[in-house]
Amino acid sequence: MSLGFLVRGLVIGLSIAAPVGPIGVLCIRRSLAQGRAAGFVSGLGAATADAVYGAVAGLGLTFLSWFLVSQQTWLRLAGGAFLLCLGARTFLTHPSGQAAGADGRGLLGAYASTFFLTLTNPMTILSFAAIFAGLGLARATDRCGSTAALVTGVFLGSAAWWLILSGAAAAFRGSFTPGGLRWVNRVSGVVITLFGFAAIASLFGQ
């Protein structure tokens, strides 16, 4: 049974990571500017947050789930504000100073930023709760083992997508001149900023 849940988790992880969003934009931009490692580590931050939310939903931690959803206004506001700051910083970054961001400290920052961005999306845990219920995890006799297998699959599936995306983007890195990278920064900064405005605007539609 655990093997079946692992395979399902792989599919879920890929499907969750694949849609283009702010994390995807960051992964592509960092892969082009700083190399494959920076892009891949950025994706791993999101994959880790997905695994955390998956574990919360799978283990039936209803109090924690309720608390996160009840605080969604503040979480969305924090995530939107962070995206706005990140977008502005990306827009203003000069290509000549990007290589330094690929060291250990830069990689840790890349990981932490996407981890935080994913955690500030409370709808993620609702999605996992629905998926887990649909898969019949609540009726599984070996619930902990099934949850562990599914969460591991989600993480590995998501990580596989980020590995593919960062590798594909990094393959074109040598084709960009400093001027080209400057435009990559500007376009990425604008797109990330728009995602930030959308996150904040969604608060007024509730």
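By class, how many nonpolar, polar and charged residues does the lining of the largest pocket have? The structure is a predicted model, in which local features need pLDDT of at least 70, side-chain atom pairs count only at pLDDT 80 or more, and totals for chains, interfaces and linings use all residues. Residues are numbered from 1 along each chain as its sequence is written, and side-chain values use heavy atoms, with hydrogens and water left out.

The lining comprises 17 nonpolar, 10 polar and two charged residues; Ala, Val, Leu, Ile, Met, Phe, Trp, Tyr, Cys and Pro count as nonpolar, Asp, Glu, Lys and Arg as charged, and the others, Gly among them, as polar. The largest pocket holds about 720 Å³ of space. A pocket is an open set of points on a 1 Å grid over the protein atoms alone, where a 1.4 Å probe fits, with protein on both sides within 12 Å along at least five of seven lines; lining residues have an atom within 4 Å of a point. Of its 29 lining residues, Pro-22, Ile-23, Leu-117, Asn-121 and Thr-124 are the closest to the centre. Helix H5 supplies the largest share of the lining, five residues. Helices are DSSP runs (H or I, at least four residues), numbered from the N terminus.

Helix H5 (residues 72-92) also packs against helix H9 (residues 178-201), at an angle of about 165° and with the axes 7 Å apart. H5 is therefore roughly antiparallel to H9, a term for angles over 145 degrees. Axes are lines fitted to C-alpha atoms over the stretch in contact, and angles run from 0 to 180 degrees between N-to-C directions. The crossing of H5 and H9 is left-handed, the near helix being turned anticlockwise from the far one by less than a right angle. This contact has 13 nonpolar, eight polar and two charged residues.

H2 meets H9 as well: their axes come within 10 Å and cross at roughly 165°. H2 is thus roughly antiparallel to H9, and this crossing is left-handed.

Notes:
Helices (H or I, at least four residues) and strands (E, at least two) are DSSP runs, numbered from the N terminus. Angles under 35 degrees count as roughly parallel, over 145 as roughly antiparallel, 65 to 115 as roughly perpendicular and the rest as oblique. Grid points are joined across faces, edges and corners, and a volume is the space filled by probe spheres set on the points.
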